[in-house]
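Open the structure in your viewer and keep the selection tool at hand. This tour tells you what to pick next and what you will find there.

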Amino acid sequence: MSDTATNRKYAWALQTDYATQKAIAAGAYKQILCTDENTIDYQAQIGSNEGWAHGYNTETEEWIEAHDARVQHTIPGFAQELGKVYYLNMADTVSTPSGGTLSRKHTFVPTDPTVTRQDKAVSYVENVGAGWHKLMPSAVSDGFTLRGDGRGVLMLDFSLVGAGKIVNDPAITYPPTSTPTVTNLSGLYKFYNTQVGITPNDGGSYNTAYSCRYRSFQIAFRKTLLEEAGFKPGCANFLTAGNPDSGMIRSALEFDKQSLEFNFNVDMAANSPEFQCVQDQRPIALVITASGGIIEGAIPFEHKVTLNIAKYRTTKPQLVNGIWQFAISGKALFDKVANKLFQIELTNDVVSYASAF
Amino acid sequence: MENIRLQIPDDENLPNEVNQGNHFAELVPGGELVVKDRAFADFLIREFKLEELPTTAENLSADLSKLKVAALVEKAKSAGIENAEKLKKTELINALVSVNQPAETDSNNGEEE
């Protein structure tokens, strides 16, 4: 029987530290409900003696020095699932909203590099049938892109960079097997682009919510990972423990720089106020909010991105769906007073991401 | 790794939990927290006003007893304890505890009442 797109399945589980793979047990891994058809991109990094001073034509020897593996996915903007990607990429502070018992407000900010440069890692599994059944431990995320467009659901792109190790045919089982390793998701709440609002504020006259002028947005949080430095010869960490011939795998994967870029489209307004912001290079506070259904009492699911200091880099007219809009792009600057680049406040019904996946 | 004891303020407005990378802390108002990473402890002190508690002889002794003799000897040498190699484990622990405990001071720091 052939395997088709509907056979594909993915899951992950949070590790306690970078090195320790999540143990395989019933319910230990949680489904990743993604929209793409991507699979692990694995590469063996090889060395050879091709250019060595043999003195005559000699058989070339080739060997494995290291392994590398990564994967990209896109997930819909579920209020519960967005937080998992943020949790891997950022620091989370959890509080209970006033009057709430089931609801939690998660405040994510970029990880403080004075505390650690090693963000959380997951053990990641994927399966497209009997021919491709793999486990990639120690996978770290290098950022994410959140986007909303038109009438659709918000979408989140992210990638995972592994230590290099791939486990073939792990003892992972998926539903509908009885007592599977992977638990499927349920009770999810979607954010639509129709729930999004953007409010700019330059401290002066440019401080009105875009309201009906709003069309689409995208924020991209990027972390440069110290991928090569993660291969530490002194750790003697190999694909097969104790066997240098099997090739190195990473012992750590820390981040170097963090940055956030954004762009959004709005209908044009008289006198091009956004163009003025670019021309003046004016610092602007930007708040991107999506608020929706009720969790309990008067507490809604909510997603709020705050960029304390943003500067527009370009503003140009763009013809979209037959009308002229402004395509605005820019970058968030680090706010010394607030001591952060940006923050995401996510209110949902996930009590703690430490135990959510 | 050392055990760093922190006093959590009795403040209901504190978050329920905090993390940075793989460091994780549940904040129970008025409770006590033990963390093993100095940078994370400093972060909690800075951001959430936790207070570091002094290391008591009992705690220190318990931590040291988990170490092997070789590690204790190294610690003892760096603490300036003489003839560390010749001491038994319990003697090493007692010596390290005694050099790490600050002398008791007057509670009013010598100020006039």
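**Before you start**

This is a predicted model, in which local features need pLDDT of at least 70, side-chain atom pairs count only at pLDDT 80 or more, and totals for chains, interfaces and linings use all residues. Residues are numbered from 1 along each chain as its sequence is written, chains are lettered from A and ligands numbered from 1 in the order in which they are written, and side-chain values use heavy atoms, with hydrogens and water left out.

**Stop 1: His106(A)**

Select His106(A). It sits in strand β6 (residues 104–110) of chain A. Strands here are DSSP runs of E, at least two residues, numbered from the N terminus. Is His106(A) buried or exposed? His106(A) is buried, at a relative accessible area of 0%. Buried means under 20% and exposed over 50%, with partly exposed in between (1.4 Å probe, protein chains only).

Now show the side chains of Asp92(A) and Asn348(A). The side chain of His106(A) makes a polar contact of 3.0 Å with that of Asp92(A). Another, of 3.4 Å, links the side chains of His106(A) and Asn348(A). A polar contact is a pair of N or O atoms within 3.5 Å; within protein, one must be able to donate a hydrogen and the other to accept it, and residues adjacent in sequence count only if both atoms are side-chain atoms.

**Stop 2: where chain A meets chain B**

Colour the two chains apart. How many residues does each chain bring to the contact? Chain A brings 26 residues and chain B 17, contact being heavy atoms within 4.5 Å. Chain A and chain B bury about 1,400 Å² between them, 44% of it on carbon and sulfur atoms. Buried area is the accessible area (1.4 Å probe) that two parts lose on being put together, summed over both.

Pick Asp112(A) and Arg46(B). Their side chains form a salt bridge (2.9 Å, N to O). The term means a side-chain nitrogen of Lys or Arg within 4 Å of a carboxyl oxygen of Asp or Glu. The count between the two chains is one salt bridge.

Next, highlight strand β5 (residues 90–95) of chain A. With six residues, β5 gives the most to the side of chain A that touches chain B.

**Stop 3: Asp202(A)**

Jump to Asp202(A). This residue lies in the loop between β12 (196–201) and β13 (214–225) of chain A. Its side chain is in polar contact with that of Arg282(A), at 2.8 Å.

Key. Helix = DSSP H or I, 4+ residues; strand = E, 2+ residues; numbered from the N terminus.
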